[in-house]
Amino acid sequence: MLSLYPLLFAPIFRPVLWGGYRIAPYKGILSESRAIGESWELSPMEGYTSIVAEGALTGLSLTDLMQKSGKAILGKRHYARYGTEFPLLVKFIDAREDLSVQVHPTDALAPSLGLPHGKSEMWYIVEAMNGTRLSAGFASPLSPEVYRSAVASDRVTDLLRYDTITRGDLFYIPAGRIHTIGAGSFILEVQQALDVTYRIFDYNRRDQAGQKRPLHLQEAEASLDFTASNPYRIDYHEEYNRANVLLETPYFVFSSLPLTQPLSYMPPSGEEEVVVFVALEGSVSVTDRFGYEVELPCGHTLLCPAVCLPALLTPHQRARLAAITLSPLA
């Protein structure tokens with residue numbers, strides 16, 4: 001078994017058609033000049049697996065770590081559920097243009113599509129330009145016939161509920177919920193580890209080769225929840241210098257930690273289990289139970305293995321962390 005410590009990973013930048021220029025400066029990386037739509041912060045996905053960026057384990061992939069020390073990373077309860085498969089994908093999204101109208105498959109539907117599971121996700125708004133909107137569901141319940149008619153006439157956007165967003169807003173997007181991210185959005189996304197999206201409408205735009213990106217209308221309709229199920233935006237209250245649980249889903253728990261002084265952190269369950277910290281504002285020193293200390297700068301992500309808890313979080317002046325843990329629901 002590996003000698004583990006709090007792990008920083010190299011970001012995986014994904015240039016895409018609709019990407020912007022905010023991710024690299026937010027992370028303090030000034031050498032990146034490309035338009036970047038996504039930065040995969042913590043990824044177990046084949047072909048895009050996160051690589052340790054510092055310390056004795058530099059160069060090892062998240063897959064390597066899980067195969068060699070999965071139980072020590074996840075903790076006993078979650079290892080019994082997930083084994084050596086890390087179950088989450090954490091990313092930043094910077095939308096210079098509107099993203100496609102899309103949906104993700106559910107756990108129930110996934111086997112018939114040849115998938116291991118579905119894809120539910122959440123969005124935390126890191127930053128938004130004035131007037132930026134996104135959609136996280138239909139405006140009202142509708143029939144498949146009404147939906148098909150709107151899709152055929154490129155009017156599916158007329159069926160959506162839109163919210164104007166600002167920094168700190170939080171949305172949960174369960175699998176099956178139609179959604180789109182609007183131009184001007186800068187988002188932290190946490191999702192089940194599945195890189196499958198079914199596009200419904202892409203504004204008839206073309207890629208750099210002049211081709212329209214493919215749509216997935218059959219799979220999308222099979223996945224869609226045609227009800228309009230509130231809430232869309234998640235209301236919450238937070239206090240400084242404590243872990244505030246903002247969202248609990250069947251797959252992950254999302255907490256905010258606004259800090260002005262040191263805090264000893266344990267997950268909401270009170271158990272030793274994996275936690276992913278993301279520095280949303282400011283920077284923090286993270287010291288594990290063995291005294292290993294690592295700096296977590298703004299815009300970066302750190303995986304703290306279960307065996308390394310509790311962790312002492314020491315902000316440099318004022319800071320704000322996200323803490324992502326796995327759901328206790330099995």
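Q: Is tryptophan 123 buried or exposed?
A: Buried means under 20% relative accessible area, exposed means over 50%, and partly exposed lies in between (1.4 Å probe, protein chains only). The relative accessible area of tryptophan 123 is 0%. Tryptophan 123 is therefore buried.

Q: Which pLDDT do side-chain atom pairs need in order to count here?
A: Residues are numbered from 1 along each chain as its sequence is written, and side-chain values use heavy atoms, with hydrogens and water left out. This is a predicted model, where totals for chains, interfaces and linings use all residues, local features need pLDDT of at least 70, and side-chain atom pairs count only at pLDDT 80 or more.

Q: Which class of aromatic pair do tryptophan 123 and phenylalanine 171 form?
A: Rings of Phe, Tyr and Trp (its six-membered ring) pair if their centres lie within 6.5 Å; planes under 30 degrees apart count as stacked, over 60 as edge-to-face and the rest as tilted. By this rule the count comes to twelve aromatic pairs. For tryptophan 123 and phenylalanine 171, the centres are 6.4 Å apart and the planes make an angle of 55°, and the pair is tilted.

Q: How many residues apart are tryptophan 123 and phenylalanine 171?
A: Helices (H or I, at least four residues) and strands (E, at least two) are DSSP runs, numbered from the N terminus. Tryptophan 123 belongs to strand β8 (residues 121-128) and phenylalanine 171 to strand β11 (residues 170-173). Phenylalanine 171 has 0% relative accessibility and so counts as buried. The pair links distant parts of the chain, with its partners 48 residues apart.

Q: Which residue in β13 stands opposite phenylalanine 92?
A: Strand β6 (residues 88-94) and strand β13 (residues 185-192) share seven bridges in the antiparallel sense. Phenylalanine 92 also belongs to a cluster that ring pairs build with Tyr26 and Phe186. Its opposite number in β13 is leucine 188.

Q: How many of the residues of strand β16 are buried?
A: In a regular strand the side chains alternate between the two faces of the sheet. In β16, Phe252, Phe254, Ser256 and Pro258 are buried on one side, and Val253, Ser255, Leu257 and Leu259 are buried on the other. Strand β16 (residues 252-259) is largely enclosed by the rest of the structure, because the buried count is eight of the eight residues.

Q: Why do the buried residues of helix α4 lie on the same side?
A: The buried residues of α4 (residues 144-152) are Tyr147, Ala150 and Val151. They share a side of α4 because the arc they cover around the axis, taken from the directions from the helix axis to the C-beta atoms, is only 100°.

Q: Which elements are included in what covers the buried residues of α4?
A: On the other side of α4, Glu145 and Ala152 are exposed. Contact means heavy atoms within 4.5 Å. The cover of the buried residues includes β9 (133-138), β14 (198-201) and α5 (217-223).

Q: What is the phi of aspartate 154?
A: Most residues other than glycine have a negative phi, and most peptide bonds are trans. Aspartate 154 sits in the loop between α4 and β10 (160-164), and counts as partly exposed at 37% relative accessibility. Although not a glycine, aspartate 154 has a positive phi of about 60°.

Q: Which residues does a cis peptide bond join?
A: Proline 310 is found in the loop between β21 (301-304) and β22 (311-315). Omega is about 0° at the cis peptide bond, which joins leucine 309 and proline 310.

Note on methods
Pairing = 2+ DSSP bridges.
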